[in-house]
Amino acid sequence: SSGINAEYGEAHYMAEYFSEKQIEQFKELFGNFDKNGDGDISAEELKCVLQSLGEKVKTKQCKNMIKQYDKNRTKRMEFKEFLDMMANVFQYHLSHPESKTGNGADIAQNRKLEELFDSLDVDESGYIDEEEIIKLTEKLGEKMTIEEVRELIGQVDKDGDGRVNKDEFKRLMSAK
């Protein structure tokens with residue numbers, strides 16, 4: 001399946017993919033890049049979004065990305081289409097933990113990683129544990145076994161407590 005269908009409303013995304021808190025964080029992120037406040041993101045605005053997250057992209061790549069998610073063919077990305085893209089990004093990073101971008105020193109990227117960590121730390125314990133990873137992968141339609149989750153945690157769990165803290169998460173997401 002191609003993931004999320006943009007015709008579904010926000011409630012669908014909340015129930016199926018992201019928590020209410022994550023949706024709010026994505027709305028805030030979307031709003032930051034919808035510079036003119038018209039409710040959608042142009043290719044130029046998307047390029048700014050991705051560059052602030054450490055991605056090196058050209059405007060043409062952003063136009064192609066918008067085209068991929070642009071269900072109503074406006075050549076611009078609306079919030080529901082943005083959520084569609086974010087769900088695919090989450091799926092990709094969960095299934096390809098070795099592929100990372102950015103230089104790790106970028107302050108904006110660091111802030112985004114902290115926001116991402118906070119959105120994944122559902123119980124606000126300061127750690128991402130097995131249960132939170134399993135729930136996230138289920139939401140993304142990529143159910144992992146407990147063994148796979150433990151292996152993933154083991155790759156980054158420097159202090160050996162069986163959970164991923166914010167520093168371990170940032171190291172994982174910033175690794176080249």
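Residues count as buried under 20% relative accessible area, exposed over 50%, and partly exposed in between (1.4 Å probe, protein chains only). The model is predicted: local features need pLDDT of at least 70, side-chain atom pairs count only at pLDDT 80 or more, and totals for chains, interfaces and linings use all residues. Residues are numbered from 1 along each chain as its sequence is written, and side-chain values use heavy atoms, with hydrogens and water left out.

Of the 176 residues of the protein chain, 41% are buried. The chain comprises nine helices and four strands. Helices (H or I, at least four residues) and strands (E, at least two) are DSSP runs, numbered from the N terminus. Along the sequence the pattern reads α-α-β-α-α-β-α-α-β-α-α-β-α. Contact means heavy atoms within 4.5 Å. Among contacts in the protein chain with a separation of 6 or more, 54% join residues 24 or more positions apart.

Cysteines were examined next. A disulfide is a pair of cysteine sulfur atoms within 2.5 Å. The count is zero disulfides. The closest cysteine sulfur to that of Cys 48 lies in Cys 62, at 8.7 Å, which is too far for a bond. Cys 48 is partly exposed, at 38% relative accessibility. Cys 62 is buried, with a relative accessible area of 0%.

Aromatic rings form five pairs. Rings of Phe, Tyr and Trp (its six-membered ring) pair if their centres lie within 6.5 Å; planes under 30 degrees apart count as stacked, over 60 as edge-to-face and the rest as tilted. Phe 26, Phe 30, Phe 79 and Phe 82 are linked into a cluster by ring pairs. The charged end of Arg 163 sits over the ring of Tyr 127, 3.4 Å from the ring centre. This assignment requires NZ of Lys or CZ of Arg within 6 Å of the ring centre and within 35 degrees of the ring normal.

Arg 163 also touches Glu 168. Further contacts of Glu 168 include Val 156, Asp 157, Lys 158 and Asp 159, with residues up to four places away in sequence not counted. Glu 168 belongs to helix H9 (residues 166-174). Glu 168 is buried, at 2% relative accessible area. Lys 158 is 10 residues from Glu 168 in sequence and 7.0 Å away in space, C-alpha to C-alpha.

Helices H7 (residues 130-139) and H8 (residues 146-156) pack at about 115°, with axes 10 Å apart. Axes are lines fitted to C-alpha atoms, for helices over the stretch in contact, and angles run from 0 to 180 degrees between N-to-C directions. On the H7 side, Glu 130, Ile 133 and Ile 134 make the contact.
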